[in-house]
Amino acid sequence: MSSGELSVGRLMATPGAGACDRGVTLRWRDGVIDALTADPRRATAGAAADLLALPALVNAHDHGRGLRQLAYGAHDQQLELWRAALYAHPPVDPYVNTAVAFARLAQSGVGTVVHVHSSIVTERLVDEAVAVARAARDVGVRLAFVVPLRDCRTLGYGDDAAMVARHPAADRDIIRERWLHPFPPPADYMALVREIARRIEGPTVTVQLGPNSPIACSDALLEATAAESADTGRRVHTHLLETRAQREWSDARHPAGLVSHLDALGLLSPRFAGAHGVWLSPEDCRLMAARGATIAVNTSSNLRLRSGIAPVADYIRAGMRFGIGVDSASFDEDDDAFKEMRVTHWLHSLTGNASPLTPALLFEAALATGFEIATGRRDYGSLTPEKPADIVVLDYGAMASDVIDGMVDETEVVLTRATRRHVRGLFVDGREVVRDGRVLGVDLDDLERDLLAQLRAAAPLMRALQPVIARSQATLRAFYETGEHLKDE
Ligand SMILES: [Zn+2]
């Protein structure tokens, strides 16, 4: 079924390591590449001559938001305030929302998505997981479904009841009703993860344990997560030290450092990935590297939510591996994974940087380490025999129309110019997912219309909530500005 072949004028078989092969036909069987043949005649004539193939990109951290957050008022600002608006998410169908997101990502050359699900209503999680997995299968991308786990500090970095009490009296009921929900004990959460895995796991779908962040979880829940991961081999994915306020909160409670606290709880292992890691210290990086743990870097999101620039040079120096995520917050709100690579590359390879993000390290992050964060597998990163047939096909002719042939390496063209506009094709596990820039498995235009209609229907509700959100953001701003998050709860 998932057998096929593809002829291209240029093949970046191992991106970041050397020049392109010219005129190649790739063949695969059961989703695995079995032969590469030099085929100058077929691959350098006709339309195939203008095509360039490389391994499909991996989005190592995302939230599957087809509905862009600006649409319902969650504009870019400090994460702690932005989140109050984000959590007021309009009621939309989880299948449609994630199918739109996955389809846009596929069009941008992403073959694998780590989807951190956002919901606090645990009763609905199994149904939502089934819907999200169906969306991924319909679109054709590989999915890591990260089950959200949390049992405290939902509104901010303080006790929820005390946080509610800080809000105007007239808003408290609505805040309790919309933003808070009773949390199950750790054992029930673990059973829920197993049930979701039983329902949706398969050859292209895995399920991960997803403490929302160490701040939003009790030590009991984090310990249960570590034990479950050790017992079952299931991966753990959590937001980690994303913002200055999170670092401050953590330092106030864990003088030896949050990362070493997580290590003491048994969480750090090769199965552990933290998202963001903007505020990791060099010491944190060394400890994580020693445990084989990884980070998903989300550059655009870190800029948009005013979080900062991740210390990627420290990651590299420590030998800590990292992937690249779009975090549903791409540079131009266009889910462009190539642009996300570009801004990450530029920001971390400035002149004078003693440990720059070289093209080889950049592609290792975007491909091999991202794939490991998503699937736990270490067999990704090149288009060579026995590797997964996950392939993105770019219109090299359009990218390089003015470039004198032979003057620059194709890698430079891809790093400088590739965007989602150049993605002509995508194959995942050998299945053709995108052809001529269009997703084959779903009707994206139809889904986008459906999603927009659902958003419009929720507009009166959202407008009614808007003043409550604004007052809540003012309350939160005062809370953080006066350092209340540093005091004992
Ligand atoms: Zn995130």
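Trainee: What should I keep in mind before I start?

Mentor: This is a predicted model, where local features need pLDDT of at least 70, side-chain atom pairs count only at pLDDT 80 or more, and totals for chains, interfaces and linings use all residues. Residues are numbered from 1 along each chain as its sequence is written, and side-chain values use heavy atoms, with hydrogens and water left out.

Trainee: Which residues coordinate the zinc ion?

Mentor: Donors are N, O and S atoms within 2.8 Å of the metal (3.2 Å for Na, K and Ca); water is not among the atoms, so sites may look incomplete. Here the zinc ion is held by His61 (NE2), His63 (NE2), His239 (NE2) and Asp327 (OD), at 2.1 to 2.5 Å. Their spacing in sequence is H-x1-H-x175-H-x87-D. Histidine 61 sits in strand β5 (residues 57-62) and aspartate 327 in the loop between β12 (321-324) and α14 (337-347), 266 residues apart. Helices (H or I, at least four residues) and strands (E, at least two) are DSSP runs, numbered from the N terminus.

Trainee: What is the geometry of the site of the zinc ion?

Mentor: Four donors count as tetrahedral if all angles lie between 85 and 135 degrees; four count as square planar and six as octahedral if opposite donors are over 155 degrees apart and all others between 65 and 115; anything else is irregular. The angles among the four donor atoms here are 82 to 173°, and the site is irregular.

Trainee: Is histidine 61 buried or exposed?

Mentor: Buried means under 20% relative accessible area, exposed over 50%, partly exposed in between (1.4 Å probe, protein chains only). Histidine 61 counts as buried because its relative accessible area is 0%. Aspartate 327 is buried too, at 5%.

Trainee: How do β5 and β6 pair?

Mentor: Two strands pair if DSSP finds at least two bridges between them. β5 and β6 are parallel over four bridges, with aspartate 62 opposite histidine 115 in β6. Strand β6 (residues 110-116) has seven of its seven residues buried. β6 also pairs with strand β7 (residues 142-149), in the parallel sense over five bridges; valine 113 stands opposite leucine 143 there.

Trainee: What is the strand order in the open sheet of eight strands?

Mentor: The order is β3-β2-β1-β4-β13-β14-β15-β16, and the pairing is mixed. At the edges are β3 (32-38) and β16 (438-439), each pairing on one side only.

Trainee: How many residues does the largest nonpolar core have?

Mentor: In soluble globular proteins, nonpolar side chains tend to be buried together. A nonpolar core is a set of buried Ala, Val, Leu, Ile, Met, Phe, Trp, Tyr and Cys residues joined through side-chain atoms within 4.5 Å. The largest one has 131 residues, and Ile196, Leu280, Met288, Tyr315 and Leu394 have the most contacts inside it. Helix α4 (residues 125-139) gives the largest share, nine residues. Another core lies apart from it, with 15 residues, including Leu6, Val8, Leu51 and Leu383.

Trainee: Which residues are in contact with methionine 288?

Mentor: Contact means heavy atoms within 4.5 Å. Leaving aside neighbours within four places in sequence, methionine 288 touches Leu240, Val259, Leu268, Phe272, Leu280, Ala293, Thr294, Ile295 and Met320.
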